[in-house]
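Thanks for coming. Please have a look at it first.

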Amino acid sequence: MNSRRKFIHKSLLTTAGFAALPNFLSAEHLKARATRIGANDQINFGLIGCNGMGWSNMHSHLRIPEVNCVALADVDQSVLDKRTEDVYKLRGKRPKQYKDYRLMLEDPNIDAVIIGTPDHWHCLNLIDSLSAGKHAYTEKPLANSIEECNLMVKAADRYGKLIQVGQWQRSGSQYAQAIEMVKSGKLGNIRLVKTWAYQGWMNPVPKVPNSQPPAGVDYKMWLGPAPDRPFNANRFHFNFRWFWDYAGGLMTDWGVHEIDIALHAMGVSAPKSIMASGGKLAYPDDASETPDTLQTVYEYDGFNMLWEHATGIDGGNYGTTEGIAFIGNNGTLVVNRGGWKVIAETENVNGTKKEKIEAMELVKPEGSAQRIHSRNFVEAMKANDPSMLNCGIKTGSIAAINAHMGNIAYKLGEKIYWDAEKGQFTSGKANKFIKANYNNGWKLPKV
């Protein structure tokens, strides 16, 4: 065992919280090495965060013959063991296991990683992976703060590796067709874009007492830079989404998907102002912190965008549980994961009601957008061409930053204004929420 590995193992045993390791390779060395994955090469992946969407993304990539899963990193031994067997069933070979992802990143045979950890870990995971010379597919939202989003974009520029963000609606045929229609101008002047997620399957989170972490869970590592709190089952697998320490609720969980498509179609990246209202209105006494009901209004040049979400009910706009609606003078285009359609406005012409544009029945998507997104990442790596990515890091950062703006407006309870030139709000109170607050000895990476 070399001296570096001995040092890392010693640090794991002797420290409760620890700062990120130094960069594995200099940016200059990485760019000089310019590793290229050939068209016929096998591509070795490591997975950081193996539960939930982490495994869903890995499973999607394993449908691609040239992709191998050679390593798994997770703080929960039971998850590691389960996913090890899942990979074995698919490929007949068991990947290596790691409780600390940084040890996994030392393996020079790993070409790329998938990051499926809770949101508060994404920044550290990604920047450490890039500095170790790995390409990365990172789950959305890109990060848990605006400051982290900006830092991750800076790291991508420095290290020159490819990054696909898991906003896989960007790879859905229905979204591409809908965006083309919006950009065509046929809908007329678009004054309002609605985005929403009504999640009827989400039940209240019952309160449970604090407890000891399950056997085999490195809870201190799971907390990482989040505030030190006693273990509570509600804050762990999956439900971490509803607690501010780790995530941003439905606003960032679903919002980035829908807001991304809306902003891309309208050709904008930052609002002029944001205001939000909502709260725990449906389940005021459950354990979650983030609002179960929220309406957020974003003002952009020439139009407004409305985000709204609700848990426990499915009665969303236009009879759909989630989607985006572009409301124009001539008609409204509605698109979601089920397809897209156009609802025509009508006008009176010589006493006869006529459609201003041709209405369209639902056009269903072609293929699995998630699988197409995975294949897109692999093909971009083979070509070493970031321009091929359907959702690169700058795209992911725009969606995440806009979603975080909505949460900041909600937390402040007032209308806030964005200064695009300065990259900050005009309010000092709002700017405090831009920052990432790291705890337990962890430090925000330096790029």
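What you see is a predicted model, in which local features need pLDDT of at least 70 and side-chain atom pairs count only at pLDDT 80 or more, while totals for chains, interfaces and linings use all residues. Residues are numbered from 1 along each chain as its sequence is written, and side-chain values use heavy atoms, with hydrogens and water left out.

Let me begin with the domains. The bounds come from an automatic or database domain assignment, which gives domain 1 as 39-169 and domain 2 as 173-367 + 393-432. Their C-alpha centres are 25 Å apart. Contact, meaning heavy atoms within 4.5 Å, involves 34 residues from domain 1 and 41 residues from domain 2.

How much area is buried between domain 1 and domain 2? About 2,900 Å², with carbon and sulfur atoms giving 64% of that. Buried area here is the accessible area, with a 1.4 Å probe, that two parts lose on being put together, summed over both. On the domain 1 side, I146, Q167 and Q169 supply 26% of the area buried against domain 2, more than any other three residues.

Next, helix packing. Axes are lines fitted to C-alpha atoms, for helices over the stretch in contact, and angles run from 0 to 180 degrees between N-to-C directions. Angles under 35 degrees count as roughly parallel, over 145 as roughly antiparallel, 65 to 115 as roughly perpendicular and the rest as oblique.

Helix α7, residues 146-159, packs against helix α13, residues 393-412, at about 170° with the axes 9 Å apart. The two are therefore roughly antiparallel. From α7 the contact includes I146, C149 and M152, and from α13 it includes I393, I401 and H404. By class that contact has 10 nonpolar, 3 polar and 2 charged residues. For these classes, Ala, Val, Leu, Ile, Met, Phe, Trp, Tyr, Cys and Pro are nonpolar, Asp, Glu, Lys and Arg are charged, and the others, Gly among them, are polar.

Helix α7 also packs with helix α6, residues 122-131, at an angle of about 5° and with axes 10 Å apart. That angle is why α6 is called roughly parallel to α7. Among the residues that meet are L126 and L130 in α6, and L151 and Y159 in α7.

Now salt bridges: a side-chain nitrogen of Lys or Arg within 4 Å of a carboxyl oxygen of Asp or Glu. The whole structure has 18, and the count between domain 1 and domain 2 is 1. D253 and K140 form a salt bridge at 2.9 Å, N to O. D86 and R83 form another, at 2.9 Å; they are about one helical turn apart because 3 residues separate them in helix α4, residues 77-91.

Finally, the backbone. K140 is joined to P141 by a cis peptide bond, omega about -15°, and P141 is in the loop between β5 (135-138) and α7. F238 is not a glycine, yet its phi is positive, about 65°. F238 sits in the loop between α9 (219-223) and α10 (249-253).

Notes:
Helix = DSSP H or I, 4+ residues; strand = E, 2+ residues; numbered from the N terminus.
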